[in-house]
Amino acid sequence: MEISTAAATFDQVALDALTEQPLAQLDKGIPPRLWGRSGAEAGAMRLPLSQFPTPLLTLSEPGLRHNLAIFADWCAERGLALAPHGKTTMAPQLWAAQLDAGSWAITLANVAQLAVARAYGVSRVLVANEIIVPSALRWIVAELSRDPAAQVICWADHSRTVALMEEALAAYAPVAGPDYRPIDVLVEVGGAGGRTGARDPEIALDIARQLSASPYLRLAGVGGYEGVLAADSDADSLAAVRGFLSTLREAHERISAEGLYPDGVPPIVSAGGSAYFDDVADVLGPLVADGVQVVLRSGAYLTHDDGHYRHLSPLGEHPRTAGPGLVSALHGWVRVSSQPEPGLALVDAGKRDLPYDLDLPQVQLRLTADRDPVPLSGVQVTALNDQHGYLRWDRDRPAPVEIGDVVRLGLSHPCTAFDKWRVIPVIDDPDAADPVVVDFVRTFF
């Protein structure tokens, strides 16, 4: 089966059923008056955020809409296919919005996440990882045989990986019979000191030869991830990223020159997180003119953030590419619960509620009892316990908050924000005195 260049699809009926699931007391952050109501019904009630308990994570509806459109346009203008990394949100409702905006596929990180995507009918999934568990491989083949529209693409970075995949599928292929379809595989290229991936183009070429000869697998292209090779946007970091992307391109060109790609199938060259997608476009984008499907896998762009990606994104606070900037669509809401000493207040959220692996949350606004939003400066989150956050300021100045105040926090790193919440309210305006909840998004971690 040829790898299509059209956008992937999803199961709207399954998605509709998801929005009809009742909210429950088991869902953190949901007020009692909404227990038993469906997400769709609760969103239609348009309750003010002040009726929700803290701590709380929210999504901004206008922010999501803005980022979705901006990034889809940015990719389209450069001829790049977008397969956003769905592990960022693990939210089929948000995946559907990305596919509706023209995304070519959804990227995921493992078989458990792939199973969620298939449960909601996502037709094309790129698993940016090696899959060598025999039962998982046989399930994927069964899915491909059952659904002619399904496409699953995974990675291999070692000859042993390919051998294990073939061994798992050799006995299963006859059972599948004439409906057996080989699993598509990208040769993964990595960088020294990075994560997975073949470290040498010659090794990548050997893997490609092995895949090209396999009756159970199909060589689909090359892929890699540049984000682990740099952590800033200085000259050395950008040079490391571009050097890796050039190696990825070289691996593809050597595979192509040897005629290893299947006839009539556009090869895939895939890279890209949410920090260096401009470099991916610059280094790999020219391959589009040669009929290559250049696939960008950014995921955090959808919500952006107020920390790591605000700083690093090419469409962040220090733009490195043309186009409108992304905005943060992700906020934490906490309540001051204690002021035990000068210069210190404790809030009711900690590591179980908010991301902390890439910078601590940033204090933004104070909402007093009458919901008057007041910008806060000189106040920092200095630490998080499991369920407590520490706000500190100069102990010699008057306290800028008092017990009972609600504080809005800017967050850093969407990937470790979504995984702490089963249901996330969507609000109409995070800057309003009392934002209105218009929808609910479910996650599957």
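UniProt positions are given here in the numbering of this chain, feature names are shortened, and annotations may be inferred rather than shown by experiment.

## Model and annotation

This is a predicted model, in which local features need pLDDT of at least 70 and side-chain atom pairs count only at pLDDT 80 or more, while totals for chains, interfaces and linings use all residues. Residues are numbered from 1 along each chain as its sequence is written, and side-chain values use heavy atoms, leaving out hydrogens and water.

An unreviewed UniProt entry annotates residues 329-428 as "domain: D-serine dehydratase-like". This span is 4% helix and 44% strand. Its end C-alpha atoms lie 11 Å apart. Helices (H or I, at least four residues) and strands (E, at least two) are DSSP runs, numbered from the N terminus.

## Two domains

The protein chain is assigned domain 1 (12-59 + 325-442) and domain 2 (123-299). Such bounds come from an automatic or database domain assignment. The domain centres, taken over C-alpha atoms, are 39 Å apart.

## The parallel sheet

An open sheet is built from 8 strands. Their order is β2-β9-β8-β7-β6-β5-β4-β3, and the pairing is parallel. Two strands pair if DSSP finds at least two bridges between them. Strands β8 (residues 268-271) and β9 (residues 293-296) run parallel and share 4 bridges. Ile268 has Gln293 of β9 as its bridge partner.

Helix α6 (residues 134-146) packs on the sheet and touches β5 (151-156) and β6 (183-188). Contact means heavy atoms within 4.5 Å. The direction of α6 makes about 130° with that of β6. Helix α9 (residues 201-212) lies across β5, β6 and β7 (217-223), at about 170° to β6. Axes are lines fitted to C-alpha atoms, for helices over the stretch in contact; angles run from 0 to 180 degrees between N-to-C directions.

## A helix pair

Helix α1 (residues 12-19) meets helix α4 (residues 92-100): their axes come within 10 Å and cross at roughly 140°. That makes α1 oblique to α4. Angles under 35 degrees count as roughly parallel, over 145 as roughly antiparallel, 65 to 115 as roughly perpendicular and the rest as oblique. Leu15, Leu18 and Thr19 of α1 make the contact with Pro92, Gln93 and Ala96 of α4.

## A hairpin

Strands β14 (residues 380-384) and β15 (residues 389-392) run antiparallel, joined by 4 bridges. Opposite Ala383 stands Tyr390 in β15. The hairpin from β14 to β15 passes through 4 residues.
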